[in-house]
Amino acid sequence: MSRDRFEQIKKYLHFNDNLTQKPRGDPGHDKIHKVRPLIEMIRDNFMKIPPEEHQAVDEQIVPTKQRISLKQYNPKKPHKWGYKFISRAGDSGFVYDFEMYTGKGSVDVSDLGVLADFVLRLARGIPKHKNYKLFFDNWFSSLDLAQTLSDQGILTLATVRANRLKGCALESDSKLKARGRGSYDWRVETQSNAIVVKWYDNKPVHLISTYAALDPEDTCRRWDGKRKEYADVKRPYCAKEYSRFMGGVDLADMLLELYRIDFKSRSKWYMRIFYFLFDLSVVNGWLLYRRCLAAGQKPMNLLQFKTDVARALLSGASLATPKRGRPFSDADTNSQKKRNYTCRPPDSTRLDGQGHFPAWIESKQRCRVGVQPHSKVKCVKCEVSLCFTPNRNCF
């Protein structure tokens, strides 16, 4: 596809009817109306996948510097400017649900606050009272949120800020520091049976949990700046669980960043969201492919998987790039005749059983599969000359 052809398709690419958008100031105005059907369609497909036991809620940033009110500034993120998504992902990196953050006043807020409401809405897809665990950081967490999720049958483990503990009396920082690195203090909230742990590592860390407590303790390796060597630091079980299962969304971000689609669009702000959702769908497809792979079978890496997806979408198109420079003369052309090469489609396209029909052609062509030297049959969908034998064909 040429550049101008690509730009023309992108120019007329829309996902919703602009005439159905309510004006600004109306109660039903939607800031992401232009891309809302695409978001809901992808969310519905993601939530059809059976969830994992350990899941985490965290932020995802879609990098952009377009001048639009939806853009957020996050100074502590690798991409400081961009659209903010709140996502729920498993410990494998598979994203099961997500919501786009559109700013204050865009949704109704309960007594728990707008951040806690994000967690509650994303937790609707988690099976209740089946020992599923949900992890999130101190930007979302509070004692009331942990109690609400516990009442709904979802186990939680999260870091929490000290000013959200409703006066829970724990040892001071100076006392824990005097006891040494790895010391901790804890309290139990009787109504929700939640435990609050204050663990002193490099600095005090507050954790709240409704299923993980102190035992069994273990040790973790930390750098000791005074002695200039690694040391073993005592760690409670809840801190170990949080470090192990909190990184699901970060893992998804890492996989997205490897081969991100990075086209710029000056006129359409939602194209960046479209590219993000496309990349997210491909990464989720690769993780689902690895999950469904037979035991002992070597999986393809993400680059190979994304290349196969591109080849399947480009079935029938020639992937050969024309050579630059002055074309051959007639004498050179007669002496160096080259066949037109059409890329063989991947097996996922050849064997999908959709739209493959044989068509007779005038001249013989070499079979791409290699069963017979020549063939006069070409697949209508793939436009590839193949020998339609019972074992190796397009059907």
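Before I go on, a word on the model: it's predicted, so local features need pLDDT of at least 70 and side-chain atom pairs count only at pLDDT 80 or more, while totals for chains, interfaces and linings use all residues. Residues are numbered from 1 along each chain as its sequence is written, and side-chain values use heavy atoms, with hydrogens and water left out.

So, back to E8. Strands here are DSSP runs of E with at least two residues, helices are H or I runs of at least four, and both are numbered from the N terminus. Strand E7, residues 184-189, runs antiparallel to E8, with 6 bridges joining them. Two strands pair if DSSP finds at least two bridges between them. The E7 and E8 hairpin has 4 residues between the strands, and Asn 193 there takes a positive phi near 60 degrees.

What about E9, residues 204-209? That strand pairs with E8 too, antiparallel, over 6 bridges. Val 196 stands opposite Ile 208 in E9, and this hairpin has 3 residues between its strands.

Is E8 buried or exposed? Well, 7 of the 7 residues of E8, 194-200, are buried, so the strand is largely enclosed by the rest of the structure. Buried means under 20% relative accessible area, exposed over 50%, and partly exposed in between, using a 1.4 Å probe and protein chains only. Both faces are covered: Ala 194, Val 196, Lys 198 and Tyr 200 on one side, Ile 195, Val 197 and Trp 199 on the other.

Now the cores. A nonpolar core is a set of buried Ala, Val, Leu, Ile, Met, Phe, Trp, Tyr and Cys residues joined through side-chain atoms within 4.5 Å. The largest one has 37 residues, and Phe 98 and Leu 277 are among those with the most contacts inside it. Helix H8, residues 271-292, is one of the elements giving two or more residues to this core, and H8 supplies the largest share, 10 residues. Phe 98 touches residues including Ile 39, Phe 85, Leu 122 and Leu 277, leaving out anything up to four places away in sequence; a contact means heavy atoms within 4.5 Å.

Zooming out, the chain has 11 helices and 13 strands, and 41% of its 395 residues count as buried.
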